[in-house]
Each structure stands twice: as C-alpha cells, then as structure tokens.
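Dear colleague,

Please find below the structure that I am handing over to you. My notes on its salt bridges follow it.

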Amino acid sequence: MTRGRDEGRGRRPGTVRPDLVRADRLRLLAAVDVGHGDSAVLLHALLHVTAELGGYGGMAHVYAGGPEHLRMVTSNGLPYAFTREWAGIALRGSAAPVRAVRENAFVYLPAAGVPEQRFGRVPELYEPVPVPEGAGMAAAPLPGPDGRLLGALSVLLPASRAPNPRQRAFCAEVARWAGGLLRLTPLGPEGVSPNLLGPPGPQEEAPRPAGPVAAPNWVWDVRTGEVVLDRSVLEDLGVDPAAFDGTIESWTDLIHPDDLPWVAGETDRAIRTAGRLDLANRLRRADGSYAWAQFQGQIVVDEHGEPLRSEGRMWNASKTHEALESVGRALLHMSDGLVSTTGDGRVVFVNAAAERLLDPAREMIGRPLWEVPALRDVPEVAQRCRPALAGRKPVDFEVPGPGRDQWYNLRLVPVPGGLTAYVTDVTERRRREAEHRAAERAAADRAALVSGLTRALAEAVTARDVVDAVAASVLPPFGATGLIVAVLEKERLNVVGSAGYPDAFVRRVHGTPLADAITRDALRTRTPEFAESPEELVSRHPQAAELIPGGKQAAAFLPLIASGHMVGVCVIAYDGPHAFTEDERTLLTALSGLVAQALERAGLYDAATGRARDLQRALLPRALPSLPALTAAARYLPSTRGSEVGGDWYDVIPLSADRVAVVIGDVMGHGMPEAATMGRLRTAVRTLSDLELPPDEVLARVNDLVGELGEEAFTTCLYGVYDPTTRVLAYADAGHLPPAVALPDGSVSFPRLDPDPPLGVADPPFETHEVALPDGSVLALYTDGLVEVPGGDIEDGMGRLTRTLATALHGEGGDGDGRAVRPEELCDTVTAALLPADRPAPDDTALLVVRTRALPADAVASWPLPDDPVAASQARKYTREQLAAWHLEDLETTTELIVSELVGNVVRHARGPVALRLLRSRTLICEVSDGSLTTPHIRHPSALDESGRGLQLVAAMAARWGTRYTATGKSIWTEQPIAQRGDGRGLPAE
C-alpha cells in the first residue's frame with residue numbers, strides 16, 4: 001500500500017525514500033565503536049539528528065550537580081560564542097532541552113530564544129552570538145541504560161523546517177540508542193560523569209592531570225572558609241604543617257606575594273561564574289624557598305546556583321616549572337615583546353621587550369590586555385582580542401605606540417588557558433612603507449602629469465592650443481601661477497601665448513631681442529635655469545629688476561629644443577619665492593621637451609594652414625562685383641579639423657542686358673586635388689557664362705568636364721541667371737541644396753523640387769527651374785557645411801536658416817522692413833547663428849547672399865521691326881524718340897549708327913522676326929534680335945570690298961558687344977556708357 005501511494009504521487013524514478021535513509025542511518029549508528037567513549041556516542045547521535053532535521057547544529061545536555069540543572073557536554077556545528085549561553089541551564093526554564101527532560105517527550109519551539117535561567121554566570125568577556133532570525137529548536141529526551149532520564153539532545157534549525165512525525169520518531173530512536181550505550185561513572189568535580197566530558201574543547205582549555213580523576217584532595221568551604229587538604233600534598237610540597245591551620249587565611253599567607261593578586265582574581269572569577277579553576281602558583285616552603293603547586297578544580301553550587309565549595313586536585317609541579325623557568329628566561333630576554341594572558345585576557349607574564357615597548361610589568365600584570373595603559377585608548381583592541389580568546393584563530397593587527405610616533409604589530413595566538421601576544425616594533429618598516437608609498441604616489445602623479453600633458457599636446461594643433469594645454473596641465477600640479485611661451489624668430493622672442501600675466505606686460509616682452517632677454521643664457525646653453533627668489537634672479541640678470549613687477553617672485557626658464565634646434569622658451573613662474581626640488585627640476589626639464597615638440601608641430605601646422613588659406617582665397621573671388629540688378633555678399637568659413645583646403649566655391653558673374661549669373665558649388669573632400677578641381681570648375685563656369693549659355697547648358701558642359709576627371713570626382717552645383725527685366729531667376733541644380741528665398745512679404749522658403757544628380761554622375765539634360773523674385777527679394781545660396789550638424793538632421797539646419805533669415809529681415813514680430821538690411825549684415829547674422837564660434841566646424845562652408853533689384857518698366861523700350869530694308873530707318877526713328885524721352889540726346893548719333901548697322905545686318909544676312917530693345921541702366925543697352933542662329937563675326941575686308949566693315953564700326957563705338965542665343969534665335973547686344981547725371985535716373989550700383 002505504501003509503495004502504491006508513493007507511485008501515485010508521482011515520485012521520480014531514482015529518488016531515495018526518506019524511511020530507507022533513516023533505516024540506513026540507524027544501521028550506521030549500530031556500527032559505531034563504543035570504545036571511543038560516551039562523548040563520541042553523543043557526538044555521533046547529534047550529527048545524525050542534525051542531518052535528519054536539516055539544522056544548523058546540535059547540543060547534548062546532561063544532569064549536572066543535582067536534579068535541577070543541565071550541563072552541555074558536547075556540541076556540533078555551533079560556535080563556542082553561541083554555546084556558552086547554553087553551557088549550564090536550569091530545569092525551571094522554558095528552553096527546548098529542559099522542556100524535553102521535564103516532559104520526557106520530543107519538543108519543538110519555532111523560536112529558539114535563549115535560556116532565561118542559566119546555571120552560573122557567563123563571563124562578560126565573551127559576547128554571545130545571537131540566534132539566527134527565525135530559527136527554532138527541537139529537543140529529544142536522552143534516556144540512560146536503566147531508563148532513567150540523563151538529559152536531552154537538541155538541534156537548532158530554521159523555523160521553516162518544523163519536524164514531521166517521522167523525523168520526531170527518528171530523533172527519539174537515536175536518543176534511545178545513544179542513552180543505551182552510555183557508560184557513566186560517578187560524578188566528577190564538575191557534577192558530570194567524566195566519561196561525558198571527553199577531550200578538552202574550546203570551553204575546557206586547561207590541561208588535565210593524567211589518568212582518571214580521583215577523589216578531591218582539596219576542599220574549601222566557601223561559606224565558612226574552612227580548607228581540607230591532604231597532608232601528603234603538604235609534605236610533597238615541603239610546606240611547614242605548622243604554617244597551615246586549615247583556614248583560607250593561613251593558606252593565602254603561604255602564596256607568593258607576586259602570585260596572590262591573580263590567584264585571588266581567578267578564584268573570584270570561578271566563584272562568580274560557577275566555573276573551573278586551573279591554577280599554578282608558588283607556595284612558601286619551610287626553608288623559605290618556594291614550590292610550584294598545580295590545582296585543578298570546580299566550584300560546586302547548590303540547587304539555587306549559589307556557590308558551596310571549591311574542590312579539586314592539587315599536586316607538586318615544581319619540576320615542570322623549573323623546566324619552564326629556563327624557557328621563561330629565554331622568553332624574558334627575547335628581542336620581540338611577549339605577553340601571556342589567562343583565558344579571560346588578563347596579563348600574567350610580560351618579558352623585557354614588552355615592558356620596553358608597552359608598559360612596565362607592574363602596570364600590566366593582572367589587567368586585561370586591552371586595558372593596559374599603552375593600549376587602553378587604541379580603538380577596537382578588545383573587539384580584536386575576542387576571536388583569539390574564543391580559541392578560533394590567531395589575530396594579527398597593528399596599533400600605535402604610547403607616543404603615537406611608533407607602531408607595533410600585535411599578534412594574538414590562542415593557547416590552552418589563554419593567549420600569547422607577540423609585540424614587534426614595526427615603526428621603521430611602516431616608515432619605509434610610507435616612504436615607498438609616497439614615492440609610488442609621486443611617481444604615479446608624475447606619470448599622470450606626463451600622460452595628461454601628452455594627451456593634451458597630442459590634441460593641440462595651433463600654438464595657442466599648446467599654451468592652453470600647458471596652462472591647464474602643468475601650472476596647477478606645480479602650484480605655479482604664470483606662463484609665457486615664446487618662439488625664437490630671427491634672434492627675437494615672440495610671445496605666442498601666456499597665462500597669469502597682464503596683457504601690458506606680455507606686449508612689453510613680445511619681440512625682445514635675444515641679446516636683451518632674461519632667458520638668453522638658458523637659450524644659448526640649452527640648460528634650464530631656476531630662480532627661486534627675486535634677489536637670485538636680479539643677481540644673475542640685473543636687467544630683470546624692472547621686470548619683477550610684471551608679476552612674479554620665482555621662475556623656471558626652460559629652453560624648448562626639438563629636432564636638435566632651438567624652438568623657443570617656456571617660462572613657468574610663481575607669485576612668491578619657491579624652492580625647486582630635484583624632482584621638480586627633473587620633471588620640468590622633461591616636460592619642456594614635450595612642449596617643444598608640440599610647439600614645433602603647431603608651427604608646421606600654422607604654416608601649412610596659412611598656405612592652404614592663401615590658396616583658398618586665391619581660388620575664390622577676391623571681391624564680388626557691384627551690379628545694378630543685385631547686391632551680393634559672401635562668406636567662406638574653412639573647417640577646423642585640419643589644414644587642407646576644401647572644395648566649396650561661389651561666384652557672381654555679370655551677363656548681358658544687366659542679367660547676372662549666381663553660382664555655388666561643392667567638390668566633395670578636402671585637399672589639393674579637390675581645390676584644383678574647384679578652380680577648374682569655377683573657370684569653366686565663367687567661360688561658359690561668357691558664351692551666354694542657359695543654366696541647363698552650362699551644367700551639361702561642366703558635367704562633361706567633371707566626368708573627364710574620373711569616377712572619384714563628386715561635385716554639386718547650382719547655377720542660376722537673374723533677369724531684372726522679368727524679375728525671374730532661372731536655375732539648374734545638380735545635386736545641390738535648394739536656395740533659401742526671402743520675399744518682401746516676410747515669407748522665407750525653399751523651392752520645392754527634386755534636384756538632378758551631382759555632376760560626374762548625372763545624365764543630361766538638366767532641368768531648368770524658375771523662381772519669381774519681386775524687387776527687394778533676398779536669395780541665400782549655401783553649401784552643406786552651413787546646415788549640416790554631425791549626428792543631426794540636415795532639415796533641422798535648413799529650418800534654422802529660414803528662421804534666422806526671417807528674424808534678421810523682419811524682426812521677431814515679422815513686421816520689420818527687410819529692405820534696410822544689407823547682404824553683408826545678413827551673412828554675419830546667419831554664420832553667427834548657424835556656426836557659433838564655440839562649436840568646431842566639421843566641414844567648409846560657403847554662403848552667398850544676394851538682394852535683387854528689378855529694372856523699372858520705364859527703363860525698358862522694345863519694338864518689332866519688319867523683315868525688309870525699311871526696318872533700319874524705323875529703328876533709327878524709334879531710337880531718336882526714346883533717347884529724347886530718356887534725356888540721352890548726347891548718345892543719339894552713336895546709337896543711331898549702331899542700331900542702323902545691326903538692323904541692316906539682320907535684314908541682309910538673317911531672318912525674322914526682327915525686334916529692337918533699348919535698356920537704360922548704368923549703361924545704354926541696345927539689343928537687335930532675329931530668328932536665326934548664325935553668329936556674326938568681325939571681318940577684315942580689303943580696301944576694295946564694299947561690305948564687312950559694319951561690325952568693326954559697332955565694336956569701335958560700343959564699350960562692349962556680343963551675341964546671346966535665345967529660345968527663338970539670337971540677340972546681338974551692345975553697351976554704351978552713360979555719363980552720371982545726379983538726376984536720379986538709371987540704376988547705379990550700391
């Protein structure tokens with residue numbers, strides 16, 4: 001049936017049934033060799049019941065000294081500091097062991113607690129270990145061989161492990177097995193059968209005399225003071241029987257005066273704690289000498305725990321102590337201090353070295369070790385002594401000496417009956433260790449200083465960066481307050497940076513000739529110079545007297561040498577006098593080499609950067625032209641990441657009929673190849689613009705050029721033409737960002753379109769886009785460096801651009817007059833907002849801002865002409881009338897001749913329709929258009945030719961002339977200068 005239930009509950013195959021385990025344990029117990037004694041039997045029983053209940057450990061208690069008390073005779077798994085509380089317990093209490101004895105039944109308490117009524121008192125030296133939180137205790141009565149109860153077996157276990165009926169039955173069976181094997185003998189001095197005491201444990205540290213304990217030969221009635229002592233002991237000790245009258249007073253008179261205090265103290269302790277006595281003291285013999293008496297005994301108490309008597313065994317131990325005295329003499333004069341204590345930590349022996357290191361013996365004997373004057377004020381000495389006194393392990397720690405300028409190592413070693421403390425002077429070792437640690441810290445500080453300066457200098461690219469790195473990394477660790485770094489150029493010292501000096505003083509020393517410099521000796525000898533006070537500095541350099549008010553009292557002059565040549569000098573100064581240590585001098589000299597190398601690299605970088613910037617400026621327009629159709633301003637901001645030039649570029653190109661071409665581009669990458677590509681493209685665009693090609697044709701030609709440069713060339717470009725007569729910007733976009741258009745009504749936007757692919761990867765034709773720009777509109781062309789932030793969205797940058805333009809043109813409320821803001825001001829505002837000075841620029845940036853100006857309607861006149869010879873006369877008539885209306889009569893003759901020749905050539909060599917247009921701007925512009933694509937050329941006729949001189953005449957009379965192709969044909973144009981009149985007419989440039 002049992003098997004069926006186990007299988008029905010799903011017991012896993014291979015598991016062991018608990019009842020089988022219990023049976024195996026009982027079989028193992030039956031095989032225990034009982035020859036080991038009663039203590040071994042009880043220990044085996046505790047081990048098995050503790051394992052069965054899953055407990056922390058167990059204890060065995062038996063009756064002691066009467067029927068009202070139990071004494072613990074053995075334990076397992078529990079520390080001595082815990083079991084001391086359970087060493088003697090009264091049956092009147094409610095603890096689990098006494099309840100199991102009183103009730104003669106298995107007892108389980110969910111809360112173990114501590115015994116309320118103990119047999120005797122626990123010494124205060126031992127701090128009890130508290131019961132683990134939530135721990136319970138189970139106890140089983142221990143029957144003897146005759147069925148009489150002897151005590152109880154108890155187990156400390158977690159409260160979650162309450163014993164079940166089977167476990168209770170197993171514990172009872174083990175207790176019956178153990179009780180049946182006990183071979184008890186009559187009670188000894190402790191009130192317990194000697195068979196149960198077993199070998200000395202942590203709580204029984206004193207050695208026991210060989211052989212079984214016989215009847216006591218010493219009995220002292222604590223209440224009456226009567227002492228009963230075997231006379232044979234007196235004879236063996238050589239004590240005069242007449243000197244002992246059977247009272248405790250006469251006995252104490254026989255004790256050596258030096259031993260009496262601690263013997264009395266030990267006896268008093270044993271009486272107070274109902275404990276054992278283990279004494280070895282000197283007794284006066286009849287001849288005046290002293291013999292050593294060894295005593296081991298126990299304080300016997302009544303049923304109320306009050307002391308009745310002290311009884312035990314005494315014998316002559318003189319021979320043993322004579323041997324020990326020779327050892328004691330050696331210990332007395334050993335080089336290290338040696339202190340011996342009793343079980344409660346009281347000092348009983350001090351050698352000469354310990355007296356020298358701690359206190360005289362008279363100040364230490366009889367005191368607890370932690371209360372001797374030399375150690376009384378040292379924190380936690382008592383707490384450190386307890387583990388050693390408990391017999392667990394040696395303790396090793398260091399304490400300050402009495403004068404606090406010395407240090408001692410205190411090693412406490414548990415020995416039977418007390419402690420042995422070794423005292424060693426470790427002052428010199430600690431001093432060496434402190435010096436070693438200080439040297440290590442100094443070395444670590446130096447390494448950290450060099451490492452930090454190295455990292456800072458590695459990141460420094462300019463001379464100013466080098467100065468800032470030295471000021472931040474060197475001045476604070478050395479406590480310095482001033483720094484000057486100067487480079488040697490043409491026998492003069494030019495200051496490249498300073499810290500902690502007034503600007504006036506720095507300007508004063510900048511450019512100092514080497515012959516007059518205070519640092520000339522350091523530079524010429526290439527040896528650092530240190531001046532620790534103003535007097536020392538003036539004694540070496542009388543000319544330095546006038547420079548001392550420049551602020552400092554001590555200074556280090558460090559020549560900067562790199563690659564074998566003199567770079568300059570570094571001066572590190574102090575507000576007050578300063579004594580330079582040898583370490584400081586060595587370290588400053590080493591650091592000067594790092595600074596010199598960094599300064600040399602910075603000089604090379606500055607030179608390379610300067611050349612790159614010069615090249616960049618040479619490739620970009622030196623100045624933007626002043627044109628009637630628009631005003632323009634531009635900015636180029638190089639990146640801060642290196643000395644290489646970029647490929648960003650822009651241009652403003654005047655065209656015929658007051659039209660203007662605006663262009664911006666970006667050759668991807670940095671370096672000379674990119675700069676060369678940018679220069680070639682800018683030249684190509686200017687050349688194509690002179691041909692008056694439309695924007696899509698210009699980009700198509702430039703695309704061919706980029707394609708010839710190779711697959712690695714990658715360029716974006718936006719090219720547009722603004723016509724002031726139509727107020728329209730026509731442009732083509734090859735992968736470039738769209739322009740920002742700010743209209744006079746306050747709106748700022750980007751044209752919505754998809755740009756064509758970048759040059760080099762595009763497949764023409766390019767699309768032409770048109771944007772209407774009313775008079776006073778603002779157009780912003782830019783490269784991606786303006787709006788692109790690393791890790792950010794480029795659309796966010798474009799949004800910041802539109803908001804910045806809107807605010808700059810029309811104010812926060814949007815109601816300002818944007819016409820008053822010049823393009824130059826807009827450039828500064830935009831770059832300051834989108835490229836702040838404190839933010840490194842990761843890429844080059846080009847920005848071109850233009851404000852458009854429309855040509856007034858009354859400044860434009862156009863007429864269609866017939867396609868026959870009469871067209872020339874009509875053109876002259878229209879010209880005379882219009883010039884008269886514009887008050888340009890002084891240009892009438894010349895203009896009639898130009899118009900007549902151009903119209904005549906069209907009628908003779910081209911085809912219609914024919915038209916004439918006059919524009920009055922800063923110049924007078926004449927345009928004759930027709931429907932053919934033939935290109936007029938100036939010929940060089942011979943003397944007999946009747947034609948071919950018309951264009952020569954036009955070229956001679958006009959300031960400029962040319963041909964422009966349109967969607968319907970071509971247009972031949974000329975420009976004639978107009979004398980400035982001051983009548984407000986025309987479109988003079990700003």
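Predicted model: local features only at pLDDT ≥ 70, side-chain atom pairs only at ≥ 80, totals over all residues.

Residues are numbered from 1 along each chain as its sequence is written, and side-chain values use heavy atoms, with hydrogens and water left out.

A search of the whole structure finds 25 salt bridges (a side-chain nitrogen of Lys or Arg within 4 Å of a carboxyl oxygen of Asp or Glu). One of them joins R176 to E173, with the closest N and O atoms 2.7 Å apart. Both residues belong to helix α6 (residues 165-181) and are three residues apart, about one turn of the helix. Helices (H or I, at least four residues) and strands (E, at least two) are DSSP runs, numbered from the N terminus. R176 is partly exposed at 46% relative accessibility, as is E173 at 33%; buried means under 20% relative accessible area, exposed over 50%, and partly exposed in between (1.4 Å probe, protein chains only).

In helix α26 (residues 871-885), K877 and E881 are four residues apart, about one helical turn. Their side chains form a salt bridge of 2.9 Å, N to O. K877 is partly exposed at 38% relative accessibility, and E881 is partly exposed with a relative accessible area of 44%. Elsewhere, salt bridges that share partners connect E398, R429, R430 and E433 in one network.

Yours sincerely
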